[in-house]
Protein chains: 2
Amino acid sequence: MSEFPSDIILHNDHKIVFVVLDGLGGLPLSKDGKTEMETARTPNLDKLAAENICGCFDPLLPGITPGSGPAHLTLFGYDALKMPIGRGLLAALGIGFDVSPRDVCIRVNFCTLDANGQITDRRAGRISSEENQRLLKIVRQKLEPPKGVELFLETVSEHRALMVLRSDQLDDNVADTDPQALNVPPLPAKTHTGQSSKTTEIVNGLVKQIREILSGVDSPANFMLLRGFAKMRPIPSFEEKWGCKAGAVAGYPMYRGLARLVGMELVAGPTEPKKLAAAAAKHLPDFDFLFVHFKYTDKTGEDGDFQAKVAQIEAFDAAVPAFVALKASALVITADHSTPAKMAVHSWHPVPVLIASELARPDDVKSFSERAMVHGGLGRQLMRNLMPLVLAHAGRLTKFGA
Amino acid sequence: MSEFPSDIILHNDHKIVFVVLDGLGGLPLSKDGKTEMETARTPNLDKLAAENICGCFDPLLPGITPGSGPAHLTLFGYDALKMPIGRGLLAALGIGFDVSPRDVCIRVNFCTLDANGQITDRRAGRISSEENQRLLKIVRQKLEPPKGVELFLETVSEHRALMVLRSDQLDDNVADTDPQALNVPPLPAKTHTGQSSKTTEIVNGLVKQIREILSGVDSPANFMLLRGFAKMRPIPSFEEKWGCKAGAVAGYPMYRGLARLVGMELVAGPTEPKKLAAAAAKHLPDFDFLFVHFKYTDKTGEDGDFQAKVAQIEAFDAAVPAFVALKASALVITADHSTPAKMAVHSWHPVPVLIASELARPDDVKSFSERAMVHGGLGRQLMRNLMPLVLAHAGRLTKFGA
């Protein structure tokens, strides 16, 4: 998007409501079947699609399945392929940790070492989240970080945790200590080119203490493997980029974190469609752009539960009149990626895009489905084109050149 | 495709069968007529198209007609516009010459010089291939290349031949000696900036001998013009690029050469559809990716023989069940470029793409034709996107980012 001529952005009072139905796109369970969207009864979405313009957009590039981080950054108009978010940072965002620019975020796996210090289970028998909490409490009490370094340890789930080191002295050029193999010892912390650094020395000192602390505890989890060392890189805020004061209505930590990463203000956190619409109604007056995140289409897709996903799409459809009633200059209904129940994971399949606006050029799409939206007036294109199209449909761009 | 994040490639046992119907796309003979694909009766291809996903892809860029070299490199996922293959190298690949990295390949045209040494016919009256062979035999016997330089001369057809110089001392920075004009003398060999070099000195010495040898021969072909000096540049192999061990089932030298250029293993060379399918069945267990090349759709197109091209498409259709029976994770049926019988040459028209896979999102395409596939779920896009899409449909890519 380096090509976008940002001097054409207008600052006016035209509102944009940008609704992401996470993992919306799907697949039929059998070749002759219907997708989740085609199966769902969605009179409100069908009407909106029929009256406006639709398309099918590739989140990153054709064929590439995005994680939630890159998928949302692309929705927000960033070139996510060129600005990967470190996994540690994403883990921190995912549990709602309040990341500062001084932090190095690290994914932690509790593991099991044998008497010779070799890894026998990289996930410590998938201990429970409660056991994880119990162990972290002990480690927190005993661990002594070096002067000038603050340390945070947070449970994620089961054997997974988050470690954050906060200091001015740190960088994130640290390779994983997880050798991704059994019957070998954990790796010492080194830079990605195998060197030592101030940060690796600090990490190795902490790891040594952790080993001693956990060796005295009765648990299969007697050590921690560290992965995905990542700092938050400064990126231009959404408002700097697109000239819109932006708020986020999102209930799940990961998406709240992603919104905050681009400088959006977190205004509410409901999860049900009608509550999302009510929150949008309440907060829209304070913003130019409101990001609304609906999680359950993805959650049911990842569960591989086709009928539950259908039900969630129908539940969202029931809230559509409330979103339309906001009378935004542009109402966008789209997804970050597809999560077909058939696959029970994120997929590369392009996602439906609907832009409702007085300025939308109607096309032949009559229903809210992948198969129909392939023929939409927006065509098949890259998701990174969406934000300029949305701003245009909201009347927030002027012409380029005379 | 420099953007493609190669670390998402998975190495697993999912098979890809990639069938290229050379020159498949066509045109109706009259405005209200049908294309070759629409005319052909293709029940098996129609069924495959109806159950899977289709699109229309531009080989290089919209409007650009590709030669066979760039067209195939693009199919294989290379940026062919940025890595042109020298014409001499393509000529060598075209006749199946076993090119080594030390070789400079040169296209040769027999021509006619008058008594003043001026060109009167750049093609020597289009001598027969037999006359070409007779003359090369004489030249081979008498020509004495300098020490350390091996020289090969091979008939291509009519007035066209191939010269290959093999030595460590050579480069391919040599401009054509063909002035592309009549009643002027041939040009001496020089570099592209008009300088002399070790290589141009060697070439000029050989040319001088050739002139003497041919002046004593009774033929309109009394000299050789040299064009398209080219060495084989190292390019990343298909396996390095896409993580697939690749084999090629191709009967024609040009395509065998192109497959070898990207490091595919040549496993068989039949030309008939059912024999291609049988060869694929035999060799698929040894590879992740099998490139299968069918030539006759292009050959009949280049002959301008509409009905013969229709018959070849139907002949291929009869072999489709045998390809489906291979049960590859992804079966691709596409083309390198269009060769409409109406034009009797390669054209720029986008080519049909069909990806058959359990993970293909069905679209509204019901028949195997250009007109139908324009509306396919893959849309109209650039051919360089095909390989990522194929890998995705075969389950050989993991997600990008978390």
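Predicted model: local features only at pLDDT ≥ 70, side-chain atom pairs only at ≥ 80, totals over all residues.
**View 1. The contact between chain A and chain B.** Chain A brings 29 residues to this contact, and chain B brings 24 residues. On the side of chain A that touches chain B, at least two residues each come from helix H3 (68-75), helix H4 (87-94), helix H12 (370-373) and strand E13 (379-382) of chain A. H3(A) supplies the largest share, 3 residues. Sorted by class, this side of chain A has 15 nonpolar, 9 polar and 5 charged residues.

**View 2. The two domains of chain A.** Domain 1 of chain A covers 6-83 + 236-393, and domain 2 of chain A covers 90-230. Their centres, taken over C-alpha atoms, are 36 Å apart. Where the domains meet, 7 residues come from domain 1 of chain A and 5 residues from domain 2 of chain A. On the domain 1 side, helix H8 (residues 253-261) of chain A gives the largest share, 6 residues. That side of domain 1 of chain A is made up of 4 nonpolar, 2 polar and 1 charged residues.

**View 3. Helices H2 and H11 of chain B.** Two packed helices are described by the angle between their axes and the distance between the axes. The axes of helix H2 (residues 43-51) of chain B and helix H11 (residues 306-324) of chain B come within 7 Å and cross at roughly 50°. H2(B) and H11(B) are therefore oblique to each other. From H2(B), the residues B:Pro43, B:Asn44, B:Leu45 and B:Leu48 meet B:Asp317, B:Val320, B:Pro321 and B:Val324 in H11(B). The contact of H2(B) with H11(B) has 6 nonpolar, 1 polar and 1 charged residues.

Terms used. Residues numbered from 1 in each chain as written. Chains lettered and ligands numbered in written order. Contact = placed C-beta atoms within 7 Å. Helix = DSSP H or I, 4+ residues; strand = E, 2+ residues; numbered from the N terminus. Nonpolar A, V, L, I, M, F, W, Y, C, P; charged D, E, K, R; others polar. Domains from an automatic or database assignment. Axes fitted to C-alpha atoms, helices over the stretch in contact; angles between N-to-C directions. Parallel < 35°, antiparallel > 145°, perpendicular 65-115°, else oblique.
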